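Okay, thanks for coming, everyone. Let me put the model up on the screen and then walk you through a few spots in it.

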Amino acid sequence: MRRAPAILVLEDGRSFRGEAYGSVGETVGEAVFSTGMTGYQETLTDPSYHRQIVAMTSPHIGNTGVNTEDNESSRIWVAGFVVREPSVVASNWRSERSLEDELAAEGIVGICGIDTRALTRHLRERGAMRAGISSRTTDVPALLERVLASPSMSGANLVDEVTTPVAYTVEPEGPARFTVAAIDLGIKRNTPRRMAERGIRTHVLPASSTVDDILGVGPDAVFLSNGPGDPATADHQVAVTRELLARRVPLFGICFGNQVLGRALGLSTYKLKYGHRGINQPVRDNETGRVEVTAHNHGFAIDAPVEGRFDTEFGPAEVSHVCLNDDVVEGLRCLDVPAFSVQYHPEAAAGPHDADYLFDRLTELMGANSNA
Ligand SMILES: NC(=O)CC[C@H](N)C(=O)O
């Protein structure tokens with residue numbers, strides 16, 4: 001296959017020459033890397049990656065093609081895609097199309113044939129940064145100018161760009177034991193599925209929902225989803241969460257939802273140097289001491305003491321989970337109000353299922369609360 005030349009330019013001036021992959025065109029976004037050996041389809045369709053150019057550290061991508069069932073939302077959200085070597089065949093019994101055809105059909109601009117290891121090392125040393133890919137021009141200074149004019153991820157308010165415009169409901173197969181109101185900040189399809197497996201009916205609500213909208217569906221608990229952008233901008237969701245905490249409504253948050261809960265408790269968030277992305281991140285559950293291998297995709301984190309308890313307006317709380325690679329806060333638990341959260345993706349799509357127990361903790365919390 002003959003490919004057009006393409007360039008990748010980072011905001012600090014470093015550039016890579018490769019070949020066009022997916023749609024021919026030009027794109028800008030935050031360059032990040034994912035260490036997942038598999039799961040590219042779930043990564044591409046996870047709304048948390050909105051406005052990010054994702055480089056896969058695994059050198060051979062596309063081997064298993066794509067299928068409709070594994071999509072985590074209705075479209076591909078990444079701003080651009082970087083791979084070392086695209087697979088020339090898509091070989092899997094579930095494959096319906098090749099990855100490159102899918103990228104082209106969705107207008108996703110990518111680049112292949114570059115040294116993704118050098119790119120990853122650069123991002124690890126210098127930090128995640130703005131970047132551009134073009135297969136329309138090979139003029140590096142011209143693309144650099146457009147990269148420098150593009151918005152940064154710090155301060156980006158992206159939740160309203162990905163949330164559902166209207167509420168919808170996901171029913172369990174049998175009778176519903178519990179009802180959850182899930183605030184869609186960029187939710188993935190596997191989250192309501194994991195809840196449905198446990199007999200939970202999930203009402204997925206727009207990010208702009210008010211406390212009345214949320215309590216109006218009669219939830220046994222409220223779920224705060226994952227999502228793109230800077231959690232420091234989620235003021236509306238933080239205010240709603242504070243109100244729910246004050247009313248002692250059971251709460252479970254993941255990823256962006258963990259950051260929202262943290263802010264509602266009075267903690268602040270900060271930007272990690274290059275973030276955690278992939279399906280092979282080790283986390284310790286402080287309560288049990290058990291180490292789980294988990295799926296991550298975050299560029300921001302909660303600032304809190306990793307050991308011991310701290311006081312909040314809603315009573316004492318503690319850091320429940322810690323990343324073993326770098327001691328980043330990976331979970332919070334309130335000790336007085338029924339609320340907990342993790343910074344990673346227990347819905348495990350793609351990813352190991354080690355963190356599945358968190359959905360059982362949610363069910364237990366709702367059970368205990370209804371008996372109270
Ligand atoms: N997966 C997520 O929810 C990511 C949360 C947030 N956008 C971050 O990068 O930290």
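A quick word on names before anything else: helices (H or I, at least four residues) and strands (E, at least two) are DSSP runs, numbered from the N terminus. This is a predicted model, so local features need pLDDT of at least 70 and side-chain atom pairs count only at pLDDT 80 or more, while totals for chains, interfaces and linings use all residues. Residues are numbered from 1 along each chain as its sequence is written.

You'll find Cys-255 in the loop between strand 14 (251-254) and helix 9. Cys-255 has a positive phi of about 60 degrees, even though it isn't a glycine. Cys-255 also turns up among the residues around the ligand, along with Ser-48, Phe-256 and His-298, to name a few. The largest share of the shell, 4 residues, comes from strand 16 (residues 291-303).

Now, on to helix 9 itself. The axes of helix 8 (residues 235-246) and helix 9 (residues 256-264) come within 8 Å and cross at roughly 65 degrees. Those axes are lines fitted to C-alpha atoms, for helices over the stretch in contact, with angles running from 0 to 180 degrees between N-to-C directions. So helix 8 is roughly perpendicular to helix 9, a label that covers 65 to 115 degrees; under 35 is roughly parallel, over 145 roughly antiparallel, and the rest oblique. On the helix 8 side, the contact includes Gln-237 and Leu-245, and on the helix 9 side, Val-260 and Arg-263. Contact here means C-beta atoms, placed from the backbone, within 7 Å.

Zooming out, the protein chain is divided into domain 1 (5-148) and domain 2 (159-371), with bounds from an automatic or database domain assignment. Their C-alpha centres lie 28 Å apart.

Ala-350 sits in the loop between strand 20 (339-342) and helix 10 (357-371).

Technical notes. Two residues are in contact if their C-beta atoms, placed from the backbone, lie within 7 Å. A residue is near a molecule or strand if its C-beta atom, placed from the backbone, lies within 6 Å of it.
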